[in-house]
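Reader: I'd like to learn how to read a few features off a fold. Could you walk me through them?

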Amino acid sequence: MTLSVRKVAAVAALSAALAGCGGGAGTPPDGGQARMGTHAASGPTAAPASPSAPASPLPGAPGRAPTLAPGPNGLTPVFERTRQRADKAVALTFDADMTSDQGPRAASGEHFDNPELIATLRRLQVPSTVFMTGRWAEEYPDQAKSIGTDPTFEIANHSYSHHAFKSPCYGLPALDGDAARSDVEQAFAAFRKAGAVNTVPYFRFPGGCYDDRALRALAPAKVTAVQWDVVSGDAFAKDPDAVAEEVLAGVKPGSVVVMHCTRSAAPVTEEAIRKIVPELRKRGYRFVKVSELMGK
C-alpha cells in the first residue's frame with residue numbers, strides 16, 4: 001500500500017462510523033491500546049488450543065464447527081492464524097459492517113452491501129467467511145440469506161451494532177459486559193430471522209479492540225474470537241492495486257486476511273480480489289473458510 005493510501009485509510013478509520021475493522025495501522029490518538037490488524041495489548045490473550053466442539057452456543061448461534069478451547073480462567077479464546085506450514089491455505093474474510101444507527105443513511109442511498117464482490121467470489125469459487133453485523137442482516141435480509149445458504153460462504157458474528165467491546169476504540173461507542181452479550185445474541189438472532197443457516201460460532205471484535213474484560217464478557221457466548229494477521233487496507237482505499245499488493249506481500253501459509261464487504265467504505269475491494277485470487281493461486285495457495293483453517 002502506498003503512503004498516501006495509508007494516510008487516507010488511517011484518517012478515515014478514525015473519523016467514520018466504520019472505524020476499526022482492520023482499515024489501517026497504528027494506535028488511536030485517544031490512547032486506545034488496540035491496533036489495526038493486531039489484538040489489544042492490554043493483558044494476555046487466550047492461548048491457542050486444539051480445536052474442539054463448542055459448548056452450548058447462544059440462542060440463534062450455529063451448532064457445531066471447530067473452535068478453540070477456552071483460555072486461562074475461561075476467557076474467550078482468540079484465533080489469528082494457523083501456525084502450520086505444510087499446507088498453503090489462506091482464509092479471506094470480509095466484514096459486512098453496519099452500525100445500529102445507520103438506517104437513515106441506507107435509506108438515502110448509501111450502500112453498505114457489495115453484491116458485486118459476493119458475485120465475484122462465487123464466480124472465482126473462493127470459499128470465504130463473512131463477519132456480519134446483525135444490523136447489516138436486517139438491512140439486507142435477502143443478501144444475508146443468499147450468503148448464508150450458499151456453501152461457498154459461512155457467516156460469523158461481527159456484533160449487532162458495531163459498538164466497541166473495549167474503550168477507547170477508534171471513537172466507537174462502548175458496550176458494558178451485559179450489553180455486550182446481548183449484542184452478540186441479537187446478531188445471531190438477526191441471522192436466523194434472515195434465513196442464514198451456514199453460520200459458525202466465531203466472533204470478530206469491532207475495531208479489533210479487546211482486552212481481558214471483553215474476553216470475559218464474551219465467554220458465555222461459547223464462541224472463538226477471530227482476528228487476523230494480514231490487513232488488506234481496503235477500508236476507504238481508492239487504489240485496488242495498492243490493496244492487492246498489501247495482501248500479496250503479507251500472506252503466509254495459514255494467514256487470515258481482513259477485508260470488507262461494504263461498498264460505501266471499501267469501494268475497490270472487488271477489483272482487488274480479481275487481482276489477489278489468481279496471483280495467490282499461481283503461488284500455490286488455496287482458499288479456505290476460517291472453519292477449515294481453524295480445524296487444522
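Reader: Let's start with β7. Which residues of β7 are buried on one side, and which on the other?

Author: Keep in mind that this is a predicted model. The general idea first: side chains in a regular strand alternate between the two faces of the sheet. Here Thr199, Pro201 and Phe203 are buried on one side of β7, with Val200 and Tyr202 buried on the other, so both faces are covered. That's five of five residues for the strand at 199-203, which is therefore largely enclosed by the rest of the structure.

Reader: What does β7 pair with, and in which sense?

Author: β6 pairs with β7 in the parallel sense, over two bridges, and Ile155 has Thr199 as its bridge partner in β7. β7 also pairs with β8 (residues 224-226), again parallel and over two bridges. There, Tyr202 stands opposite Thr224. The chain gets from β7 to β8 through α7 (residues 212-218), in a right-handed β-α-β crossover. β6, α6 and β7 make a right-handed β-α-β unit as well.

Reader: Now a helix. Which residues of α5 are buried?

Author: The idea to carry along is that an α-helix has 3.6 residues a turn, so residues three or four places apart point the same way. In α5 (residues 141-148), the buried ones are Ala144, Ile147 and Gly148. They span an arc of only 90° around the axis, which puts them on the same side of α5. What they pack against includes α3, β5 and α6.

Reader: And the core: which residues touch the most other members?

Author: In general, nonpolar side chains tend to be buried together in soluble globular proteins. The largest nonpolar core here has 62 residues, and Met132, Trp136, Phe165, Phe205 and Ile273 touch the most other members. α6 supplies the largest share, seven residues. Apart from that core lies another one of 18 residues, including Phe131 and Val256. Met132's contacts, leaving aside residues up to four places away in sequence, include Ala144 and Ile147, both of them among the buried residues of α5.

Reader: Last one: which cysteines does a disulfide join?

Author: Cys169 and Cys209, with S to S at 2.1 Å. The link is right-handed, with 80° about the S-S bond. Cys169 sits in the loop between β6 and α6 and Cys209 in the loop between β7 and α7, so the pair ties together parts that are 40 residues apart in sequence.

Reader: Are those two cysteines buried or exposed?

Author: Buried: Cys169 has a relative accessible area of 1%, and Cys209 is also at 1%. The cut-off for buried is under 20%.

Terms used
Residues numbered from 1 in each chain as written. Predicted model: local features only at pLDDT ≥ 70, side-chain atom pairs only at ≥ 80, totals over all residues. Heavy atoms only, no water. Buried < 20%, exposed > 50% of the residue type's maximum accessible area, 1.4 Å probe, protein only. Helix = DSSP H or I, 4+ residues; strand = E, 2+ residues; numbered from the N terminus. Arc of directions from axis to C-beta. Contact = heavy atoms within 4.5 Å. Core = buried A, V, L, I, M, F, W, Y, C linked by side-chain atoms within 4.5 Å. Pairing = 2+ DSSP bridges. Right-handed = clockwise from strand over helix to strand, strands pointing away. Disulfide = S-S within 2.5 Å.
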